[in-house]
Amino acid sequence: MSNSSSDVIVVGAGVVGAACAYYAARAGLAVTVVDRGPVAGGTTGAGEGNLLVSDKEPGPELELALLSTRLWSDLADELPARIEYEAKGGLVVASDASGLAALRKLAAAQAGAGVTAEEVPADRLRDLEPHLAPGLGGGFRYPQDAQVQPALAAAHLLRASGARVRTGEEVTAVLTGANGRVRGVRTAAGELRAPFVVNAAGTWGGEVARLAGGHLPVLPRRGFVLVTEPLPRVVRHKVYAADYVADVASGSAALQTSAVVEGTPAGPVLIGASRERVGFDRALSAEVLRRLAAQATALFPVLAGVRVLRTYAGFRPYLPDHLPAIGPDPRVPGLLHACGHEGAGIGLAPATGLAVARQMTGGQPPLDLGPFSPGRFAPAD
Amino acid sequence: MPGSPSEPYDLAVIGAGPAGLAGAATAARLGLSVAVLDAAAQAGGQYFRHPAPGLGAARPEALHHDWAAFTELRRRFEASGAAHLAGHHVWAVMRRDEGLWSVHALVGEDGGEGAGHGGGTAFGRGGGLADGGRGGAGADGATAPGAGGGGMPRGGGRGAGGARGHDGAGAGVGPVTRDGRGAGARADAVSGREGPASAGAGDERTVRLHARAVLFATGASERHLPFPGWTLPGVVGAGGAQAMLKSGLVLPGRRIVVAGSGPLLLAVASTLAAAGARVPAVAEAAGYVGYARSPRTLAANPHKLLEAAVHGTALLRHRVPLHTRSAVTEAHGTDRVEAVTVSRLDRDWRPVPGTGRRIACDALAVGHGLAPQTELATGLGCATRRVPDGTHALVLDGLQETSVPGLWAAGEAGGTGGWELARVEGELAGIAVAARLRALPALTRGRRVRDLARRRDRTRAFADAMATTHAPGHGWTAWLDDDTDVCRCEEVTAGSVREAVTGLGARDARTVKLLTRAGMGWCQGRMCGAAVACLAASGTARGTVPPSAERRPLAVPVPLGSLAAGPEEPGDA
């Protein structure tokens, strides 16, 4: 058996690819991970590392998130502390009473799915976040929300998987046999053979699907993050405004911004979140900066004097119905998809990896994967 | 109003060093409306940095043997009608429309103040290794986006409120360790801001002006390679030491070892010695034989020979010993540098065992040449090229235009080459911009342009020969032990960087940053970028890789409050 042969080739060394490699290896498969860039070089490296249940309405994505939350908690015990896993909880704040009423309704619905949410009256908000602006309407605390440092999490997952990692190597073709079944990939360095190929190429997953003769309409949805100078813990939770939930669920191409503010163990405060569909354009936008800064300082006036050191853009892999594609390609036997997680890929990675590993080994799926079936986008022909 | 979207400037020049002044004066004389934005209070850039009038220095020319040429350039600029927007820290340039750019700058008390002499004094009091571009490392080039304030922060030693400019001393390399970085001290700094005294952001605002073309004359910042002890107080940048002297008329010590690599070292040693310091040694890591390998370029650049001769005689007069193929491989001291170890290097810059010699000193001025400041341009997608010394400069065509039409560059941003080259390129760019905007292509076909282009090509060839000579040998990383901090801001050691490369598969500076935080701190990798890139490249056979286009630090840190207020446009009340 040559060293270019394995049981599964994962295309993509981001957090989803790393999770697929990890669970596949744990199931006993020999795994090769290949990426045209470095580890965590795409959307993973541009993310904030949110592991959220709070921003999801009841439904299949919330089920996936709840499973992932449990898996992340286990992973945090197995991986080094340097992945900066923090079960710090989320705090969603409403600007007024009617906003709070809407949050209350959402929390009640989420409770049925197993989400814990505690109402925080307006006069108690500052017990949780002393620097919050006065005059807010109240909020909800979500203790299950957590955070990791996404690049470190991906790199350590990958290392723990023991997979053979080939970075800087672009996949130029997906090889299929006479029966149409996948038999490997071709890269600039040669052919890699495996009976399974997992498409974990994130925002670029549509291209990988196309190489294999499949179809997956993944589009980029740009987001900017502002990074401040290092600070002591001025923001304790992940704090966001109630309209974030609506923005996440929206499919609009136009610019949307809603404040998401969180501290990090290393000191800088991260400020998101903007959403717009503008292709792969990284150009800085003055309007996005202004809106993110204005919304963040409205929540935390103390931040007005704090300096932004840098900003970066990332491209969320967006599918038309906002659900990821997880599972076998309907046309190409041996090809599995694990992409299109939009802004939730860090959080949803472990459950995705576990589900894909089970599918390759014929195991019991950890949850109903029907809603994530890549076949839902198959052109009617 | 000039600069508004409906009435843009023809040309915005970023940086008021020799390249920017020459470009602006030329374009304005050819009929363009021009604005020059610069962080400093006075024109001149790094090379022609001079004391603020308030310091009462009688003879700034004493530190500049090209002073007459500079005053002539400044006179032409002042007579040209170009607007000089001093105290403007440009933090981003964005594309507004086809053929229209918006330039965003931070202005305010902090900005203007810091830019003048703040760099020098802050540096001096803090005693830190200044980040060249921002703190004001000397050497040729424009100061452009450099914020004034000073010394290098270390491990968050910069209190959240002690921003660069206000009180530069706070930003110096103090004895602040990671422990000192605890929440206590910084929490105070932050909560202090909540009150009315927090004015930090209140005094600063961001302004935006528009232009049909942009000329990046952003200069260069000093390149540093770490070694054990480099974070000790008293270790300063070589260019920074010169800048201190030029702007604040202070010496970093009395007995100063000068080390590193590059033609700047001799100039720095001469300047320090002439100002009264004792210089017990100059350690140059390269040999100078490389110069001899390109006698044609040397012969074609008599001014360079003259310059070297001037510095050479000055060194002789002050009895400064020059050690080539030698480097400071360790700085010793507890509260401050007390001595350094100078070792012989082999061809690859690996220290030769047993050659270390201890030299007592109270300051060390160290630098490894200059790295072009390109981040404003690369943020807009301008392509870069690898210079023989391992730095990355903007790719420019024969008329100084970058790979993005409408954006030009001159001077060090296109590769370091000295102030005269910067002036030549500035003039070329000024003509080229005028030719484009006024639709007069004939302007670029005259004898003057041919003459300027020839001078540029000749000097560039010499600069490339020097860059090859002073390119760090890959053995320099042998200076580092695993405990040496490579990234001072985040206190990331060489050991952690090596582990990210060997254990986690990082192959480039960006991935090292993501996995170790090296370069994520206050200086955004301006200080450690070169070293991290070298360490990351040791994992591959390909050498260093260009900075990622995704790297998007704001060229100057901007307060959230100023961003939130939105930019003021020309014509706003």
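User: In this predicted model, how many residues of strand β17 of chain A are buried?

Analyst: Strand β17 of chain A, which spans residues 307-318, is mostly covered, since 12 of its 12 residues are buried.

User: Which way do strand β13 of chain A and β17(A) run, and how many bridges join them?

Analyst: Strand pairing is read from the bridges between two strands, and in this case 10 bridges join β13 (residues 219-230) of chain A to β17(A), the two running antiparallel.

User: Which strands of chain A pair with β6(A)?

Analyst: Strand β6 (residues 138-142) of chain A is likewise described as mostly covered, with 4 of its 5 residues buried. Strand β4 (residues 90-94) of chain A is joined to β6(A) by 5 bridges and runs antiparallel to it, and the bridge partner of Gly90(A) is Tyr142(A). Strand β5 (residues 118-120) of chain A is also antiparallel to β6(A), through 3 bridges, and there Val120(A) stands opposite Gly139(A).

User: Turning to chain B, what is the strand order of the open sheet of 5 strands?

Analyst: The order is β8-β15-β9-β10-β11, and the pairing is parallel. Strands β8 (235-237) and β11 (322-324) of chain B stand at the edges, where each has a single partner strand, so one side of each lacks a neighbour in the sheet. On average, neighbouring strands of this sheet are turned by 20° against each other, direction ignored.

User: At what angle do α7(B) and helix α8 of chain B pack, and which residues meet?

Analyst: A helix pair is read from its angle, the distance between its axes and the residues in contact; α7(B) and α8 (residues 264-274) of chain B pack at about 35°, with their axes 9 Å apart, and their crossing is left-handed. Among the residues that meet are Ala238(B), Ala241(B) and Leu245(B) in α7(B), and Leu264(B), Val268(B) and Leu272(B) in α8(B). By class, the residues of this contact divide into 8 nonpolar, 3 polar and no charged.

User: Are α1(A) and α5(A) roughly parallel or roughly antiparallel?

Analyst: Helix α1 (residues 15-26) and helix α5 (residues 150-161) of chain A pack at an angle of about 25°, with their axes 8 Å apart. Because angles under 35 degrees count as roughly parallel, that makes α1(A) roughly parallel to α5(A). Their crossing is left-handed, and the contact has 10 nonpolar, 1 polar and no charged residues.

User: How is α2(A) oriented relative to α9(A)?

Analyst: Helix α2 (residues 60-78) and helix α9 (residues 345-361) of chain A pack at about 90°, their axes 7 Å apart, which makes α2(A) roughly perpendicular to α9(A). The contact includes Glu61(A), Leu64(A) and Trp72(A) in α2(A), and Ile346(A), Pro350(A) and Leu354(A) in α9(A). The residues of this contact divide into 12 nonpolar, 3 polar and 1 charged.

Key. Residues numbered from 1 in each chain as written. Chains lettered and ligands numbered in written order. Predicted model: local features only at pLDDT ≥ 70, side-chain atom pairs only at ≥ 80, totals over all residues. Heavy atoms only, no water. Axes fitted to C-alpha atoms, helices over the stretch in contact; angles between N-to-C directions. Parallel < 35°, antiparallel > 145°, perpendicular 65-115°, else oblique. Left-handed = near helix turned anticlockwise from the far one by under 90°. Nonpolar A, V, L, I, M, F, W, Y, C, P; charged D, E, K, R; others polar. Buried < 20%, exposed > 50% of the residue type's maximum accessible area, 1.4 Å probe, protein only. Pairing = 2+ DSSP bridges. Contact = heavy atoms within 4.5 Å.
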